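Good morning, colleagues. I would like to take a few minutes to present one ligand site. Please look at the sequence and the structure as they come up.

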Amino acid sequence: MARVKIDNYAVADAPRLGVRGWLRWIWRQVTSMRIALILLLLLALAAIPGSVLPQWPQQPGETKAFIDNNAVIGPVLDKLGFLDVFGSAWFTAIYVLLFASLIGCIVPRAIAHYKAMRAPVPAVPSSFARYEPSGREETDVDAATAIERARKELRPRAGWLGALTGYRIRVDERVVRDGAATTSDGKERRELAMTADMGHIRELGNLIFHISLVFVLIAVGAGTLLTYRGQAIIVEGRTFTNAAVAYDTFSHGSGFDPADLQPFTVKLDGLDAVFEDNGRPKEFTAHVTLQEPGKDATQKDVQVNRPLQVDGAKMYLQGNGYAPVFTYTDGDGNVAFQGPVVFLPQDQVYTSTGVVKVPDVTSGEQIGLKGTLLPTEVTKPGGSVSIHPDPGNPVIYFTAYTGDLGLDDGVPQNAYQLDESQLSPVRGDDGQPFVFGITLGDTVTLPDGLGTISFDALPRFAAMDLRADPSLPWLLAASISMLVGLAISLFATRRRIWLVAPMDTPTTVVEAAALAPSHDGGVEAALDRALAATSGRVPDADEEDE
Amino acid sequence: MNDLQQLSAMALWGACVLYAIAMVAYAIRLSRVAELKGAAAAASKGAESQATVSVGTSHTKEGAASAVADAQPTGGKAGASKPKATTASAAIGDQKATKALGIARAATLVGAVLHTVGVTARGIEAEHVPWSTMYEYTISGSLVAVVVFLLVQRKRDITYMGAGVTGLATIALGLGLTVLYQDATGLQPALQSFWLVIHVSIATIATGIFGVGFIATALQLMRDYRDSEPKVVSNRFLKVFHDPGVRVIKGKTFRFLEAVPTPKKLEALAFRLNAVGFVLWTFTVMAGAIWAEHAWGRYWGWDPKEIWSFVIWVIYAAYLHARTTQGWAGRRSAWVSIVGFAAIIMNFTVVNLVFQGLHSYAKA
Ligand code: HEM
């Protein structure tokens with residue numbers, strides 16, 4: 001079966017000398033199908049190390065350990081970019097070249113396609129000898145009727161959509177091409193030749209696909225520039241003001257200026273956490289009041305899969321826990337600390353840990369407390385444990401420290417850990433570190449005149465994750481258009497069917513042939529239908545039989 | 001063991017055994033048909049040399065069945081002693097081939113029914129769609145391959161693929177039940193999503209279709225190598241592999257290849273399957289990105305599983321280009337698609353088991 005050759009961009013001729021000639025030659029190489037193919041294969045190959053070796057952006061800890069454990073090969077691989085494959089120069093080079101090739105390929109093809117769409121349907125070739133499938137049909141109607149019947153059978157459709165999806169038809173009356181041009185008595189022999197051409201939509205789909213691919217890359221690139229994300233913890237009853245400094249962590253692409261953040265506020269009115277009796281989480285809902293500048297405050301519910309939409313970003317409820325409220329009164333009787341402290345849950349039953357840091361004591365050393373919260377404490381032979389995440393019987397166990405908290409060193413500190421290097425534990429009368437439990441509403445007096453601490457309330461907190469990537473809708477649109485273009489380009493048929501009927505003969509013998517890619521399984525059936533129509537025969541039923 | 005679990009395992013073992021039987025029967029049928037074709041060719045040669053009998057004036061249809069049909073009138077008309085003998089043995093072979101085909105078809109069909117029962121029971125037992133662990137993915141993916149084969153079979157005769165497809169399914173089920181088996185467990189929260197159903201079911205279907213395409217391509221390449229003149233290899237090292245390779249592929253064992261269609265037709269079939277697979281795979285990757293955006297807050301993070309999905313996608317894109325590139329159409333592009341299928345197998349074996357990443361739940 002004849003194949004349609006689509007590779008219009010293979011290198012045609014050898015380069016001429018001269019700079020321009022060379023440049024043109026290089027460009028033609030880059031945009032050739034063969035290079036595109038090799039670049040694709042290289043891209044696949046180059047991606048693989050990223051799945052085998054630890055990668056800096058994904059697993060910094062393991063990557064560092066890998067380099068430490070492989071003293072020789074580790075640093076070499078790191079230098080060569082194998083530990084950050086998708087940021088490496090060579091990976092970038094491959095896909096930049098590929099997309100250069102792609103664009104260099106699309107532009108001429110789009111122009112050629114536009115011209116082809118407007119160009120008339122090509123005429124029937126002179127000889128069918130090279131083409132398969134082919135066939136012939138004898139009919140007793142004249143050539144014009146026969147051709148008209150075939151035309152009807154193939155149902156050309158009008159309009160540009162018809163031209164895209166159906167057959168476009170061209171009929172010529174001409175001197176007989178295949179065979180003697182004149183009869184024995186010197187008269188000119190004439191024939192009707194019809195082309196039915198289908199398949200522009202295939203090329204169109206292919207172009208849509210490749211162009212969408214470029215847009216996918218643009219959207220991804222724009223996304224990395226314009227994205228920002230931040231994590232914040234809001235305690236019940238408190239208000240969060242949107243600003244880069246207010247987040248516990250905040251990161252953004254180089255195209256985004258954190259000053260552009262809209263200063264909206266989010267007040268956490270309440271957080272409902274529903275657990276089943278066995279402690280399995282059922283539902284979390286954060287009730288918030290959103291106040292955007294210049295707008296009325298609105299009340300919203302945020303759930304795990306239902307983020308809050310604000311300022312072009314989404315605020316996800318990422319986690320929750322307890323933030324017990326303490327009051328610490330120092331040895332001089334002054335309130336040195338009062339407020340909620342976030343305790344991070346460590347397990348399914350919300351056994352949580354946190355630290356209270358009191359730098360501003362009136363006199364003496366700074367105080368630090370390390371605590372473990374048991375929301376529903378029960379005493380078991382092995383010690384105290386929590387049996388449910390709800391605050392059924394909340395108890396916090398503390399160890400107290402005095403000394404220097406290290407807050408003045410200027411080194412940013414983890415709010416959830418105590419730097420014990422310059423601290424010493426407070427000891428009880430027995431000389432052992434002083435460990436005490438405190439229940440909700442209780443006040444405990446620390447030894448050595450270190451003051452008192454009370455556990456006043458147990459609100460919950462919500463961990464919110466704000467994310468914005470303005471490219472996402474564009475990325476989705478480009479991806480969908482890519483998928484649609486691909487489906488069209490792979491499933492639409494491209495074929496040409498030719499019929500030739502000699503005129504003024506006693507019986508008309510219609511000759512036919514078709515041109516289609518070898519995977520077009522329907523072309524024979526279409527050819528047969530057209531032929532059968534000329535004589536009124538019932539076409540062969542076995543459509544798909546190749 | 002509860003009842004459902006037992007039912008599922010028994011049904012799947014049954015399917016596995018039936019597929020094995022079907023594979024053997026398909027193989028027997030294929031080699032018989034190949035023998036008949038050889039005999040028919042010999043007979044028609046003999047006929048042509050002895051008498052001028054025109055054979056098959058109109059369409060000379062290809063395919064085993066018509067070759068068998070042609071063989072008898074030819075032999076009969078020729079009426080000479082030698083072709084007659086061939087015809088007699090051909091008739092016996094024909095019977096055997098038909099019988100083998102009957103067994104193969106029945107075994108495949110019943111196997112597919114049991115396979116469906118097994119997969120469904122597993123889904124009911126686990127209380128979620130049966131494709132969230134490697135074991136489930138294997139049993140579901142192989143079911144898709146068999147169903148695709150049966151569906152295509154209804155439209156066109158691809159009996160010659162039967163041995164390959166049922167063989168693949170036998171191996172997949174056997175490995176699944178012995179090596180990969182895991183008891184059903186509840187789903188992790190990250191998997192409790194509409195996108196799991198979409199993403200993984202399309203991935204499973206795509207894998208099944210690529211699998212059938214792979215069989216077609218493998219047959220295409222084998223037939224191609226058998227038909228063509230072997231290249232002369234001068235490199236002494238390569239010779240060690242090349243020469244025995246040529247001997248084997250041209251030898252008696254691979255005679256069944258004469259009963260499969262020409263490389264060109266197999267190429268066309270493989271392309272259609274791979275094209276459908278590729279569109280579905282594209283969708284799989286997109287749905288996966290949407291799911292990741294929902295679940296992890298980023299649509300793409302070069303997780304090992306994502307890397308391999310990407311690699312597979314790019315390899316099959318390369319295959320589609322290779323088909324239309326001069327010098328790559330035919331054999332070389334076929335090899336590219338074989339590599340693509342190898343990457344699919346990698347993706348859900350080695351990548352699941354060895355490389356860690358967010359997708360590693362598939363292990364548990
Ligand atoms: C970014 C990388 C690329 C990808 C992922 C890609 C993907 C594809 C796919 C999936 C097809 C199959 C559609 C079909 O067979 O009709 C295709 C076809 C095609 N591609 Fe690309 N392509 C890429 C780059 C290129 C480049 C750089 C060129 C130009 C040299 C190119 C030229 C073509 C042509 C001419 C076809 C049509 C082949 C045919 O009709 O069978 N592609 N491409």
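I shall begin with the surroundings of the ligand and then turn to its iron atom.

Please bear in mind that this is a predicted model. Because residues from chains A and B surround the ligand, the site is shared between the chains.

Let us consider the polar side chains next. A:Asn206 places a polar side-chain atom 3.3 Å from an oxygen atom of the ligand. For A:His210, a polar side-chain atom lies 2.7 Å from a ligand nitrogen atom. In the case of B:His321, an N or O atom of the side chain is 2.5 Å from a nitrogen atom of the ligand.

Now to the metal. Which residues coordinate the iron atom of the ligand? They are A:His210 and B:His321, each through NE2, at 1.9 Å. This pair crosses between chains, since A:His210 belongs to helix H9 of chain A and B:His321 to helix H9 of chain B. The iron site has six donor atoms, with angles of 81 to 178 degrees among them, and is octahedral. Are these two histidines, A:His210 and B:His321, buried or exposed? Both A:His210 and B:His321 are buried.

Definitions and conventions: Residues are numbered from 1 along each chain as its sequence is written. Chains are lettered from A and ligands numbered from 1 in the order in which they are written. This is a predicted model: local features need pLDDT of at least 70, side-chain atom pairs count only at pLDDT 80 or more; totals for chains, interfaces and linings use all residues. Side-chain values use heavy atoms; hydrogens and water are left out. A residue is near a molecule or strand if one of its heavy atoms lies within 4 Å of it. A polar contact is a pair of N or O atoms within 3.5 Å; within protein, one must be able to donate a hydrogen and the other to accept it, and residues adjacent in sequence count only if both atoms are side-chain atoms. Donors are N, O and S atoms within 2.8 Å of the metal (3.2 Å for Na, K and Ca); water is not among the atoms, so sites may look incomplete. Four donors count as tetrahedral if all angles lie between 85 and 135 degrees; four count as square planar and six as octahedral if opposite donors are over 155 degrees apart and all others between 65 and 115; anything else is irregular. Helices (H or I, at least four residues) and strands (E, at least two) are DSSP runs, numbered from the N terminus. Buried means under 20% relative accessible area, exposed over 50%, partly exposed in between (1.4 Å probe, protein chains only).
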